[in-house]
Amino acid sequence: MTPLAKKLVYWYRKNRISYPWRMTRDPYKIWLSEILLQQTRIPVVLKFYEKILNAFPDLISLSKAKDAEFLSLWSGLGYYRRAQSMLHCAREIVQNGAGVFPSDLHELLALPGIGKYTAGAIRNVCYEYLTPAIDGNIRRVLARLAMSHEKLESVFLEVGKGAESGDFFQSLMELGEQICLPNPRCVSCPVQNFCKSRKEHRELEFPVKKSKQKSEKFHWYLLLLERKGAHFYAQNSAREFLKHSWIFPDVLSQKNLSPSELCKNFAQSWGIKVRGLKELRTLSHAVTYRKIHAHVLAAESFHVNGVRGKWLKPEDLKNYPTSSITRKSLQVQDR
Ligand code: SF4
C-alpha cells in the first residue's frame, strides 16, 4: 500500500461516520445509497435509504415493484428519471442476470442508469476491485493532492495501489466531506504532508471551477382546483420534468402571463375552463438548472369534465408519485 493510502485509510477507519451504507457490502444497498447520495444531502439520504429498504429490502423485491409504488416512495427527491432507471436496472438484473449485480465493469456499465462513478463505487466497496470512481468531492481531493486537473483516474489508481479498495474509496469521500472541503481545513488533514498543492499554498486553485450552466428562469402556473375536500391532479407526459408525477394542471412559460392569457392556456393545453383566476402565492422552486417562480392559482369557477385526471384527498397522495411543489402548494392553501 502507498504511504499516502495507508495514512488515509487509517484516518478513515478511526474517524468515519457510521452511515448505514458503511456497515454493508451488499451491492443492492451500496447502489441505492450511491444513487441517493448523487441526488441529495446526507440527512435526506438517511431518511429515504431507510424508507426504501423497508419497502424493498432487496433487488428481487424492487424488481417486482409497480412503477407508481416506487415513484410515490421517491416523491420529494426529484430526478424521477433516476428512479425509473433503478426500476429498469433491478428488472434487468433479475430477468437477464443471476439476480445479483455483476462485478465486471463493462457489464455494470451496460445496466440502465449505472455510470462510471456508480459502477466504480460498487466494484470498490462490494467486490474489492480498485476502480476509479470520481465524484465532485473525490475530484477535489485528488486534484489538490496531485496539484493537477488531469488524469485523475490514474492518480486514483496509483495512490490506491495495494489498498483495500472499499476503505480507500470511502476514505477519499470522507476526506472530501469532512476536511478537504471547498475551503479546506488543511491543518487538520491527515495527508497534508503528501499534498502537492498544500506545499505550494495553491490548494484553492484546484480543481478548476467549471463555468456554471446558465440557469433559465420560468414562470410555472399551478391550478389548485378543489371539490369536496379533494384536489384535481393530472400527469403531463409532454413536460420535460416531473412527467410521471401527479401534480396540479400547469402552464410553464418564460414570460409572466396575464389572467386572460392563463385562462386561454389552461383551455388549450388541458381543456380546463376557468374563470376568475386569482394568485394565492408565488413560491421559488428549482428543478435541475431551471429557476422557477411557481404561481399557485385558484379559480372562482371551473369546468374539468372530460379532462384526464384524478380527484385526490390529501391523505390519498401517499399512494401517488407527486412533487415537493405540490405539497408546498397545499400548505399555501391551508394558510
Ligand atoms: Fe485537501 Fe488541504 Fe488535505 Fe491537501 S492538505 S488534501 S488541500 S485538506
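# A guided tour of the chain

Buried residues make up 49% of the 335 residues in this chain. Keep in mind as you look around that the model is predicted.

**Stop 1: the whole chain.** Start with everything shown as a cartoon. The secondary structure comes to 14 helices and seven strands. Turn the view slowly: along its principal axes, the C-alpha trace spans about 75 × 50 × 30 Å. Among contacts with a separation of 6 or more, 67% come from residues 24 or more positions apart.

**Stop 2: Phe-56.** Now select Phe-56, in the loop between α3 (42-55) and α4 (59-63). Is Phe-56 buried or exposed? Its relative accessibility is 6%, and the cut-off for buried is under 20%, so Phe-56 counts as buried.

Next, show the side chains around Phe-56. Leaving aside residues up to four places away in sequence, Phe-56 touches Tyr-28, Ser-61, Leu-62, Ala-65, Glu-69, Phe-70 and Leu-73. Pick out Phe-70 from that group. Draw a line from C-alpha to C-alpha: Phe-56 and Phe-70 are 8.9 Å apart in space and 14 residues apart in sequence.

**Stop 3: the cysteines.** How many disulfides does the structure hold? The number is zero. Select Cys-89, which is in no disulfide, and then Cys-126, whose sulfur is the nearest cysteine sulfur to it at 13 Å. With 0% relative accessibility, Cys-89 counts as buried. Move on to Cys-186, where the relative accessibility is 12%, so Cys-186 counts as buried.

**Stop 4: a pair of helices.** Finally, colour helix α10 (residues 152-160) and helix α11 (residues 165-178). Their axes come within 11 Å and cross at roughly 120°. The crossing in which α10 passes α11 is right-handed.

To see where the two helices meet, show side chains on both. From α10, the contact uses Phe-156, Val-159 and Gly-160. From α11, Phe-168, Phe-169 and Leu-172 take part.

Conventions
Residues are numbered from 1 along each chain as its sequence is written. This is a predicted model: local features need pLDDT of at least 70, side-chain atom pairs count only at pLDDT 80 or more; totals for chains, interfaces and linings use all residues. Side-chain values use heavy atoms; hydrogens and water are left out. Helices (H or I, at least four residues) and strands (E, at least two) are DSSP runs, numbered from the N terminus. Buried means under 20% relative accessible area, exposed over 50%, partly exposed in between (1.4 Å probe, protein chains only). Contact means heavy atoms within 4.5 Å. A disulfide is a pair of cysteine sulfur atoms within 2.5 Å. Axes are lines fitted to C-alpha atoms, for helices over the stretch in contact, and angles run from 0 to 180 degrees between N-to-C directions. A crossing is left-handed if the near helix is turned anticlockwise from the far one by less than a right angle, and right-handed if clockwise.
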